[in-house]
Protein chains: 2
Amino acid sequence: MDTLTVEQIAERIWLSIADRRLRPGTRLKEAELAEVFGVSRARIRQVLATLEREGLVVIESNKGAVVAKPSVADAKDIFHIRAAVEQRVLERLFTELDATKLVEMFEHVAKERIANHNNNQRDIIKLSGGFHVMLAEMAEAEFLCGLMRDLVSRTSLIMAAFRDTNLHNCGPDEHEQILLHLKNRDLEAAKQAMVHHLEHVESALNLLQDRAPPKSLREALA
Amino acid sequence: MDTLTVEQIAERIWLSIADRRLRPGTRLKEAELAEVFGVSRARIRQVLATLEREGLVVIESNKGAVVAKPSVADAKDIFHIRAAVEQRVLERLFTELDATKLVEMFEHVAKERIANHNNNQRDIIKLSGGFHVMLAEMAEAEFLCGLMRDLVSRTSLIMAAFRDTNLHNCGPDEHEQILLHLKNRDLEAAKQAMVHHLEHVESALNLLQDRAPPKSLREALA
DNA sequence: GGCCTCAATATTGTTGACAATATAGTCGAC
DNA sequence: GTCGACTATATTGTCAACAATATTGAGGCC
């Protein structure tokens, strides 16, 4: 077996955070991770830096990395900004779209459907996030693409932290709906469907009270 | 002298890119930078990774880092998203504002004014970007804060790439105008002033033709 | 002369050992 | 017994040597 790349390890950790096997606050020791993944500490260091920029972990100097605990305020900000980015992506995509891309996109949704049917949580997470990244990639907008990756990662963390049910109930139907509007060349309808989709995801969260960011024991026990 | 930190070196390089001493496409060799700043290559590597995430450099595997060449499309996307983020920041700031913060903010603008008067390009760049980051910090919204840092960096690069004049003519007046609206507790006016400010900055750019991303010599000489 | 191969060089990527720092536990004074 | 200082341990941070890869230039063949 070849050694794992930074991206592969980052994805594995991302998925573990997203499906709640790594809870917010969990300490991520470099040596431990290095052993688990069979790579050197230097590479783990790169991985942790990557995860930090994606907002999945917080690194404190001389202290190490822990899984981030997003605040409710952050969660709301992220959804707010994400709505703006997704709409911008759709606008760009609208001018870059062709038949080949459309086919590929519908195929992606088909995969989502299969994963949903098999109830494979990891695939569901990977594919439903991947849908949005794919839109950005096909829009051929480099900046939006990178931003979307970050936002999707952060959204995964938020869902892990604030979702009550384990079910990832936002199925592929809403994704397909967006594609159908694009196929019909109706940009406004696509944007509206996207906004609705994001609102649906957000509404599945329990963002009423701020149970997330104790940050310190003092706050947690106040 | 103590050795420079990653942040300090990253800022130095950022400023050099922003005031066009480092042009887009310039190769950044690790050994060279290590010698210039008197630090080990390992630290330079961290710096380059930081700059990459901020969109200032592009790193290709086994090839090294070069100063990024933003495309016109990216530039427009960045301004578009930035407008959304800045407005969100103002909304959050509006609820967190107090007299102390207001004083500090006006003091910042005063520093901008001095830098402008002295025509100190580096200070002008640092302070006028810093104004927007400061707003995000005072809004106490962690996610928006990180995002704003990235957007400010990317905007600096865009201005270096697309601005025709050397003059950083968007003076502190527009910043002050935003603060005055905040002081008057008029959120909508503040947001409008911010949008106007960003449009002003963008309008100083030459985004008509895509002269930016040759990407390869072949394209540049076509 | 044009083109391919191959060696020489320059540059990035990786590793393991070592230093610096923080954490946890222990001992002693009071 | 409680508090504080101190030691031992665990963990992160740094570095310099080495390996892998890409670039450049020279030589030879057609």
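Reply: Lys29(A), Arg41(A), Arg45(A), Ser40(B) and Lys63(B) come nearest of the 16 residues around DNA strand D (near: a heavy atom within 4 Å). Sugar and phosphate make up 79% of the atoms of DNA strand D that come within 4 Å of the protein. This is a predicted model: local features need pLDDT of at least 70, side-chain atom pairs pLDDT 80 or more, while totals for chains, interfaces and linings use all residues. Residues are numbered from 1 along each chain as written, chains are lettered from A and ligands numbered from 1 in written order, and side-chain values use heavy atoms, without hydrogens and water.

Me: What does Arg41(A) lie 2.8 Å from?

Reply: A base nitrogen of DNA strand D, reached by a polar side-chain atom of Arg41(A).

Me: And how far is Arg45(A) from a phosphate oxygen?

Reply: 2.3 Å, from an N or O atom in the Arg45(A) side chain.

Me: Which element gives the most to that surface?

Reply: H3(B), with three residues. Helices are DSSP runs of H or I, at least four residues; strands are E, at least two; both are numbered from the N terminus.

Me: Switching to H2(A). Which residues are buried?

Reply: Glu30(A), Leu33(A), Ala34(A) and Phe37(A) (buried: under 20% relative accessible area; exposed: over 50%; partly exposed in between; 1.4 Å probe, protein chains only).

Me: What's exposed on the face turned away?

Reply: Ala31(A), Glu35(A) and Val36(A).

Key: Polar contact = N/O pair within 3.5 Å; in protein donor to acceptor, adjacent residues only side chain to side chain.
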